[in-house]
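Take a look at the protein chain shown here. The report below walks through its strands, its sheet and its rings.

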Amino acid sequence: TTTSIPNSVTLIHSGAFNNCTKLTSFVFPNSIETIQSSAFSGAGIAEINLPKSIKVINSGAFQNCDNVQKININYDNLKIDPAGFIIGKNIKEINLLGNTLTTDVASLGIKNGENIKVTLKSKIANLGSTLFVAYGNENTTIKSVNIKCDELKIRGTFNTSSCKIENLT
């Protein structure tokens, strides 16, 4: 149910914890730089806390992680590929805090989530179109999005119409 890996690990390979539904707690090492595709797909993790060393989150790295309630990512220079996160209805809080963030299309997918609080504080944020996308139905609601960036670039739309945002600051 709980595991951690040594601080010498910089890469978690594709499928490493794929469908580990009983894995509810994972302590990411302070050295982690890359999380590959499907590394935690279907895992039972309740909270994702990524350290400042993280540089790349590949497509589907956290796909079908329906138990996730909170995501905290501290970064220096981070790239999130398309569908890096596809998380379920239990998500309540997403915090992206750091220097340079680059995302691709639909990096944060949310399945039927409600009343989600999102904070993005970054010196530079280069966001691909549709940072947020709803999966499943039209009822995904983000309660608040608080963005504070020195430089913010958005290609295309910030959000899909199927992922409602109630308050944007």
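## Ground rules

Helices (H or I, at least four residues) and strands (E, at least two) are DSSP runs, numbered from the N terminus. Residues are numbered from 1 along each chain as its sequence is written. This is a predicted model, in which local features need pLDDT of at least 70, side-chain atom pairs count only at pLDDT 80 or more, and totals for chains, interfaces and linings use all residues; side-chain values use heavy atoms, with hydrogens and water left out.

## One buried threonine

Start with Thr103, a residue of strand S10 (residues 93-103). Is Thr103 buried or exposed? Buried means under 20% relative accessible area, exposed over 50%, and partly exposed in between (1.4 Å probe, protein chains only). Thr103 has 3% relative accessibility, so it counts as buried.

What does Thr103 touch? Contact means heavy atoms within 4.5 Å. Setting aside neighbours within four places in sequence, Thr103 is in contact with Ile80, Asn126, Leu127, Gly128, Leu131 and Arg155.

## The chain as a whole

The chain has 15 strands and 0 helices. Its C-alpha atoms fill a box of roughly 40 × 35 × 20 Å, taken along the principal axes. The radius of gyration is taken over C-alpha atoms, and the globule rule is 2.2 Å times the number of residues to the power 0.38. For 169 residues, a compact globule would have a radius of gyration near 15 Å; the chain has 15 Å, so the two agree.

Of the 169 residues in the chain, 46% are buried. Take the contacts between residues at least 6 apart in sequence: 43% of them join residues at least 24 apart. The accessible surface of the chain comes to about 7600 Å², and 47% of it belongs to carbon and sulfur atoms. Accessible areas come from the Shrake-Rupley method with a 1.4 Å probe; for residues, only the protein chains shown count as cover.

## An open sheet

Strands of a sheet pair through backbone hydrogen bonds, either parallel or antiparallel. Here, two strands pair if DSSP finds at least two bridges between them. An open sheet is formed by 4 strands in the order S7-S9-S11-S13, with parallel pairing. S7 and strand S13 (132-135) stand at the edges with a single partner strand each, so one side of each has no neighbour in the sheet. From one strand to the next, the twist averages 15°. For such angles, axes are lines fitted to C-alpha atoms (for helices over the stretch in contact), and angles run from 0 to 180 degrees between N-to-C directions.

S9 and strand S11 (residues 108-111) run parallel and are joined by 3 bridges. Phe85 stands opposite Leu108 in S11. S11 also pairs with S13 in the parallel sense, over 4 bridges. There, Lys111 stands opposite Tyr135. In a regular strand the side chains alternate between the two faces of the sheet. In S11, Leu108 and Ile110 point one way, Gly109 and Lys111 point the other way, and all are buried.

## Pairings of S8

Strand S8 (residues 70-80) pairs with S5 in the parallel sense over 4 bridges. Glu47 stands opposite Lys70 in S8. Strand S6 (residues 56-57) runs parallel to S8 and is joined to it by 2 bridges. Val56 has Lys79 in S8 as its bridge partner.

How many bridges link S8 and S10? There are 10 bridges, and the two strands pair in the parallel sense. Asn77 has Thr100 in S10 as its bridge partner.

## Phenylalanine rings

Rings of Phe, Tyr and Trp (its six-membered ring) pair if their centres lie within 6.5 Å; planes under 30 degrees apart count as stacked, over 60 as edge-to-face and the rest as tilted. A search of the whole structure finds 8 aromatic pairs. Why is the pair of Phe40 and Phe62 called stacked? The ring centres of Phe40 and Phe62 are 5.3 Å apart and the planes lie at 5°, so the pair is stacked. This pair links distant parts of the chain, 22 residues apart: Phe40 is in the loop between strand S4 (34-35) and strand S5 (47-50), while Phe62 is in strand S7 (residues 62-65). Both Phe40 and Phe62 are buried.

Phe62 also forms a stacked pair with Phe85, at 4.9 Å centre to centre and 5° between the planes. Phe62 in S7 and Phe85 in strand S9 (residues 85-87) are 23 residues apart, so to speak of distant parts of the chain is again fitting. Phe85 is buried, as is Phe62. One aromatic cluster takes in Phe17, Phe26, Phe28, Phe40, Phe62 and Phe85.
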